[in-house]
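User: I would like to go through this model and check the terms used for it. For each label, please set the value against its cut-off.

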Amino acid sequence: MFEGTFLSLLPPIIAIALALITKEVYSSLFIGILTGGILYAGFSFAGIFNHVFVDGMIAQLSDSWNVGILVFLVILGAMVMLINRAGGSAAFGRWSVEHVKTKIGAQLCTILLGVLIFIDDYFNCLTVGSVMRPLTDKHGVSRAKLAYLIDATAAPVCIIAPISSWAAAVTGFVDGANGLELFIRAIPYNFYALLTITMMIALSLMNFDYGPMRLAEMSDKLSSSGTKYSPSMTQAEDQPDPPRSPDGKVIHLIFPIIVLIISCVIGMIYTGGFFDGESFVDAFSNSDASVGLVFGSAAAIIISMIFFIATKALTFKECMNALPEGFKSMVPAILILTFAWTLKAMTDSLGAAEYVAGLVENSAGSFMNFLPAIIFLIGCGLSFATGTSWGTFGILIPIVVNVFSADLSNELMIISISACMAGAVCGDHCSPISDTTIMASAGAECDHIQHVSTQLPYALTVALVSFLIYILAGFIRSWYVCLPLGMIMMVAVLFIIRAAEAKKTA
């Protein structure tokens, strides 16, 4: 009865609104799920429970892709705990204090590391968080700001990296054209991703914040538990003072991270058929990121444990004791992810994808020059409501390719494809039910709703500038003009905001 109508978007809208109002994510997500079940089952009590738990939660937890991601998170949580117990994070903290002297430097180092880890957004979020927390804590960067820097260098970086799990996903949604060629040509038109990176660097160099983030930066009570934190304390560990090796060195952090990166790359190209004769690029394009990341992280944690034991940073027993603690550190993120996936299943069953697809197809002919800007807005809305970038790609990209008959010579098609990706990442960046946003909160060990509320004004600022540039790009159709203009406009907007903030405090 409600399939394919605006009401199909009601469950995620309710969940997001409640999360932002109540600051409590678990109950908000479940109420959104329940709403979807009620709309789908037509108020049948048995039908509601069957759809929510069997068609929704159990089906999502039975999905091989989702299970792979959960296994990857558990292994990463265990690996982070091992590094902490081995003293690697503490040693890096001591080293960074000696070499990075300022708050600006700490933020730029976080951005740099986030840009360098472009393979996968989940991997990016948890790795950058675990590595940079000691440094950012020392220099007074709030956990909310750290979560923003992590989130803004996760999906936005992955979506402009040709060798990434995101590039593989996008190329998989393109029929009738060379997906990788299209992805590479669309990179300079991905204004949201490029302007987000521009904004992060500018904010760090200008050393100012605005909105809720400014209040968060001024506060010293930013841990997820609401208590004051120190570099030696993390919310991931339920022990008040977990044992740490006094012999920890920076190599005990660097070595596992390098092994993890190499192992994950090998794992992903293995699933793409690299060792069966496929080229590196084709193997990455055809890879199964979920399975590849599990293979890579499993190999990395085994090698890391051998390394820790061989260097006497940890004993075998201490390694084994750290594993369940790492699992427990990931439980909140796993619970939120499970609810978010179930909410997406409710939205899908109500035909939200078909409803949005119809809107795009109906607008394509009448507003051709404005099509990139329209697609960007629709992508933002769909990704925000469903919490998934990849699902948004799957809906919008085939429609755009079909509208332009897969004609790669048409520059407007390239711009429109890029607008799909940019809008999807923007909505994903803003949404409290996005898995990437959840992972950024987990990586920074920041309260999830606080991360969403402090990041939202920043994401919306970039979204506004991106929307204006997409309008321009629909007419000019040249990134040589549009991209530099967008960067100049982005920096100019930040100067205007800083001047307005200065007047408020004057």
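User: What makes Phe-208 and Tyr-210 buried?

Analyst: Buried means under 20% relative accessible area, exposed means over 50%, and partly exposed is in between (1.4 Å probe, protein chains only). Phe-208 counts as buried, and so does Tyr-210, so each has a relative accessible area under 20%. The model is predicted, so local features need pLDDT of at least 70 and side-chain atom pairs count only at pLDDT 80 or more, while totals for chains, interfaces and linings use all residues. Residues are numbered from 1 along each chain as its sequence is written, and side-chain values use heavy atoms, with hydrogens and water left out.

User: How many aromatic pairs does the structure hold, and why is the pair of Phe-208 and Tyr-210 called stacked?

Analyst: There are 17 aromatic pairs in the structure. In the pair of Phe-208 and Tyr-210 the centres are 6.1 Å apart and the planes are at 25°. Rings of Phe, Tyr and Trp (its six-membered ring) pair if their centres lie within 6.5 Å; planes under 30 degrees apart count as stacked, over 60 as edge-to-face and the rest as tilted.

User: Which rings are linked into a cluster by ring pairs?

Analyst: The cluster joins Phe-30, Phe-45, Phe-49, Phe-53 and Phe-339.

User: Why is Thr-198 counted as buried?

Analyst: Thr-198 lies in H12, residues 191-206. Its relative accessibility is 15%, so Thr-198 is buried. Contact means heavy atoms within 4.5 Å. Not counting residues up to four places away in sequence, Thr-198 touches Met-487, Met-490 and Val-491. With the same exclusion, Met-199 touches Tyr-148, Tyr-210, Tyr-458, Thr-461, Val-462, Met-490 and Leu-494.

User: Which residues touch the most other members of the largest nonpolar core?

Analyst: A nonpolar core is a set of buried Ala, Val, Leu, Ile, Met, Phe, Trp, Tyr and Cys residues joined through side-chain atoms within 4.5 Å. The largest has 138 residues, and Tyr-148, Phe-191, Tyr-192, Met-199, Phe-376 and Leu-494 touch the most other members. Helix H22 (residues 411-430) gives the most to this core, with 12 residues.

User: What makes Ala-419 buried?

Analyst: Ala-419 is in helix H22. Ala-419 has 0% relative accessibility, so the label is buried. Not counting residues up to four places away in sequence, Ala-419 touches Pro-372, Ile-375, Phe-376 and Tyr-470.

User: Why is Thr-153 called buried?

Analyst: The relative accessibility of Thr-153 is 0%, so Thr-153 is buried. Thr-153 sits in the loop between helix H8 (143-152) and helix H9 (155-158). Beyond its neighbours within four places in sequence, Thr-153 is in contact with Ile-111, Gly-114, Val-115, Asn-124 and Met-200.

User: Where is the kink in H3 centred?

Analyst: The kink in H3 is centred on His-51 and is about 30°. The bend at a residue is the angle between axes fitted to the seven residues ending there and the seven starting there. H3 (residues 45-62) reaches 24 Å from its first C-alpha to its last, close to the 26 Å expected for 18 residues. His-51 is among the buried residues of H3, as are Ile-48 and Val-52.

User: How many helices and strands are in the protein chain?

Analyst: The chain has 25 helices and zero strands. Of its 506 residues, 58% are buried.

Terms used:
Helix = DSSP H or I, 4+ residues; strand = E, 2+ residues; numbered from the N terminus. Expected span 1.5 Å × (residues − 1).
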